Amino acid sequence: MDIELVQGDITEQEVDAVVNAANSSLLGGGGVDGAIHRRGGPEILAECRRLRETRYGEGLPAGQAVATTAGRLPARWVVHTVGPVYSASEDRSDVLASCYARSLQVADELGARTVAFPAVSTGVYRWPIEDAARIAIEAVRSASTDVQTCRFVLFDAAAYAAFERALADSPG
Ligand code: ADP
């Protein structure tokens, strides 16, 4: 698998699937979520509402992932995943790693070969970027998947630099 890093906006990525850092309501929020629904249009939210009425009546649990259309985005699908809120007293790293692993599993089910990820949980959910970057890189590297390209789309220079270091430090 190729791992690419870019600094930019995830809504502009020309990939098969973009991953949304959603919240468990699936009904929209700020950050990546807000940008995806704004640029992708109402079709995405309509599908999210249907998911809430069917498979995910209680919302999508943290660490899980589910796909919808990408609406007007250049991508074909949005894979919504819910990151854990950072906690200094409880180690939720496995839940964060699961976001990446489960998103790749959903991408495999869709037949997606190129996937763009944001730095899940590093915004409103406050996960320290260095640690989040290490977990993200390890999770995609250790996944068994048919996805050929994982592109991390980092919004600012500090996040980009953290992912660059995590990639350089990661074995393999
Ligand atoms: P979470 O609730 O999982 O913390 P956020 O969307 O608040 O998710 O933030 C996740 C990361 O995505 C943050 O590092 C934030 O700076 C970044 N981000 C915000 N908007 C975009 C965007 N349009 N494209 C890529 N990354 C973004």
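Hi everyone, thanks for coming. Please keep in mind that we are looking at a predicted model. I'll begin with the overall fold and then move to the ligand.

The protein has five helices and six strands. Reading from the N terminus, the order of elements is β-β-α-α-β-β-α-β-α-β-α. The radius of gyration is 15 Å, close to the 16 Å that the globule rule gives for 172 residues, so the protein is as compact as a globular protein of that length.

Now, where does the ligand sit? You'll find the ligand in the largest pocket. Around the ligand there are 16 residues, and the closest are Val32, Ser121, Thr122, Gly123 and Val124. Helix α1, which covers residues 31-40, gives the most to this shell, with three residues. Sorted by class, the shell holds ten nonpolar, five polar and one charged residues.

Which part of Thr122 lies 2.6 Å from an oxygen atom of the ligand? In Thr122, that is a polar side-chain atom. With Ser121, a backbone N or O atom lies 2.8 Å from an oxygen atom of the ligand. Gly123 also uses a backbone N or O atom, at 2.8 Å from an oxygen atom of the ligand. As for cover, the ligand taken alone exposes 560 Å², and the protein buries 88% of that.

That's my tour, so please jump in with questions!

Technical notes
Residues numbered from 1 in each chain as written. Predicted model: local features only at pLDDT ≥ 70, side-chain atom pairs only at ≥ 80, totals over all residues. Heavy atoms only, no water. Near = heavy atom within 4 Å. Polar contact = N/O pair within 3.5 Å; in protein donor to acceptor, adjacent residues only side chain to side chain. Areas by Shrake-Rupley, 256 points an atom, 1.4 Å probe, with all protein chains shown as cover. 1 Å grid on protein atoms, 1.4 Å probe; cavity = no way out; pocket = protein on both sides within 12 Å on 5 of 7 lines; lining within 4 Å. Sits in = over half its atoms within 2 Å of the grid points. Helix = DSSP H or I, 4+ residues; strand = E, 2+ residues; numbered from the N terminus. Nonpolar A, V, L, I, M, F, W, Y, C, P; charged D, E, K, R; others polar. Rg over C-alpha atoms; globule rule 2.2 N^0.38 Å.
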